[in-house]
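Please keep the sequence and the model in view while reading.

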Amino acid sequence: MATRVVIGIDGGGTYTRALLMNESGRELSRSQAGPALTDRATTPVDVDAVSAAVERAAAEAGVRLPVDALCAGFAGVGREVERKTVEDAFSARGLASAVSVITDGEAAFFDAFRDGPGLLLVAGTGSLAWGRSEDGRQARVGGWGTLLGDEGSGYDIGRSALRAAARAADGRGGETALSSRLMDQVGAEQPDRLIPWAIGAAKSAIAALAPTVCEVAGEGDRVALDIIAAAIEALAAHAATLLQELAPWNADPGIALVGGLVAPGGPLRAGLVEVLAGLECVVVEQAVEPVRGAALIALSL
């Protein structure tokens, strides 16, 4: 009998990652493609980007499509209608015999805690917190998207920096090195050229400004420092709210930090860990991989 093969997908506003795994849980291959998320309400996921990642992973492992099962985690698919739309699109591509679409938070949580209790705080292009109590209750905080939420995310930091540059340009805000650094990064010769750039920029492009903001903050720029401090405060508020929502706890729950800003080595991790020390939770030290969580869930399909 042929070995069953599954694939997990982690799709965000910056990249799409795919992991191919066999039925014993052994990793066969990985691949990466462009952003999985779109700004369109009707089709929140770029099926072409996901398909490209799946096809690369399969080719690298010498596996023929369709695989036995595919589980994909994305931001912005919290509602059943959105999940069904994306699942139908993947099924039509013939990528896998069984397809399941979940949130990126669910995928990351499974990698960190499997079916147990815990908290997950995601801060990448977007942001959200997701958790499960000791008695099995589940709750989510944040994850409202760019217009209504994403506080503390890369997008939020990038947008705040652009606004700070605009205020500095006309004297409403303090002078900041962010102005020249952001203009250099996006190729704007004058501050007012940030306007057309921002109008046409994808969510991922604005989020890509966050590392520059962190660098400028590290140089002691007060405006950049305030932006980073506000982001950390917003993320900690996600965690504090979720802790309360899922109480009571018999023991301090673990909290896993996921996403480029707060994962091990991320620019906000140290500051966030320091703030979280004041809450009744324990930071999970090891890296959490949503793509691995999705693949493990696919094994159960």
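## A strand pair and its hairpin

Ala129 stands opposite Val141 in β8. The strands concerned are β7 (residues 127-132) and β8, which pair in the antiparallel sense over 5 bridges; two strands count as paired if DSSP finds at least two bridges between them. Strands here are DSSP runs of E with at least two residues, and helices are runs of H or I with at least four, numbered from the N terminus. The hairpin of β7 and β8 has 5 residues between the strands, and Gly136 takes a positive phi near 95° there.

The model is predicted: local features need pLDDT of at least 70 and side-chain atom pairs count only at pLDDT 80 or more, while totals for chains, interfaces and linings use all residues. Residues are numbered from 1 along each chain as its sequence is written, and side-chain values use heavy atoms, with hydrogens and water left out.

## The open sheet

β7 and β8 belong to an open sheet of 5 strands in the order β8-β7-β6-β9-β10, with mixed pairing. Its edge strands, β8 (138-142) and β10 (282-283), each pair on one side only.

Within this sheet, β6 (residues 118-123) and β9 (residues 254-258) pair in the parallel sense over 4 bridges. Leu121 has Leu257 in β9 as its bridge partner. In a regular strand, side chains alternate between the two faces of the sheet.

## Helix packing

Helix α1 (residues 47-61) and helix α2 (residues 80-93) pack at an angle of about 50°, with their axes 11 Å apart. Axes are lines fitted to C-alpha atoms, for helices over the stretch in contact, and angles run from 0 to 180 degrees between N-to-C directions. α1 and α2 are therefore oblique to each other. Angles under 35 degrees count as roughly parallel, over 145 as roughly antiparallel, 65 to 115 as roughly perpendicular and the rest as oblique.

Helix α6 (residues 178-186) packs with helix α9 (residues 210-218) at an angle of about 150°, and their axes are 10 Å apart. α6 and α9 are therefore roughly antiparallel to each other. The crossing of α6 past α9 is right-handed, and α1 also passes α2 in a right-handed crossing. A crossing is right-handed if the near helix is turned clockwise from the far one by less than a right angle, and left-handed if anticlockwise.

## Backbone exceptions in loops

Most residues other than glycine have a negative phi, and most peptide bonds are trans. The bond from Leu65 to Pro66 is cis, with omega near 5°; Pro66 lies in the loop between α1 and β4 (67-74). Ala247 and Pro248 are likewise joined by a cis peptide bond, with omega about 5°, and Pro248 is placed in the loop between α10 (222-245) and β9.

Arg114, a residue other than glycine, has a positive phi near 50°. Its place is the loop between α3 (104-113) and β6.

## The second largest pocket

The second largest pocket has a volume of about 170 Å³. A pocket is an open set of points on a 1 Å grid over the protein atoms alone, where a 1.4 Å probe fits, with protein on both sides within 12 Å along at least five of seven lines; lining residues have an atom within 4 Å of a point. Grid points are joined across faces, edges and corners, and the volume is the space filled by probe spheres set on the points.

α5 (154-169) and α7 (194-200) each supply at least two lining residues, and α7 gives the most, with 4 residues. The lining includes Leu162, Pro191 and Asp192. By class, the lining has 8 nonpolar, no polar and 1 charged residues. Ala, Val, Leu, Ile, Met, Phe, Trp, Tyr, Cys and Pro count as nonpolar, Asp, Glu, Lys and Arg as charged, and the others, Gly among them, as polar.
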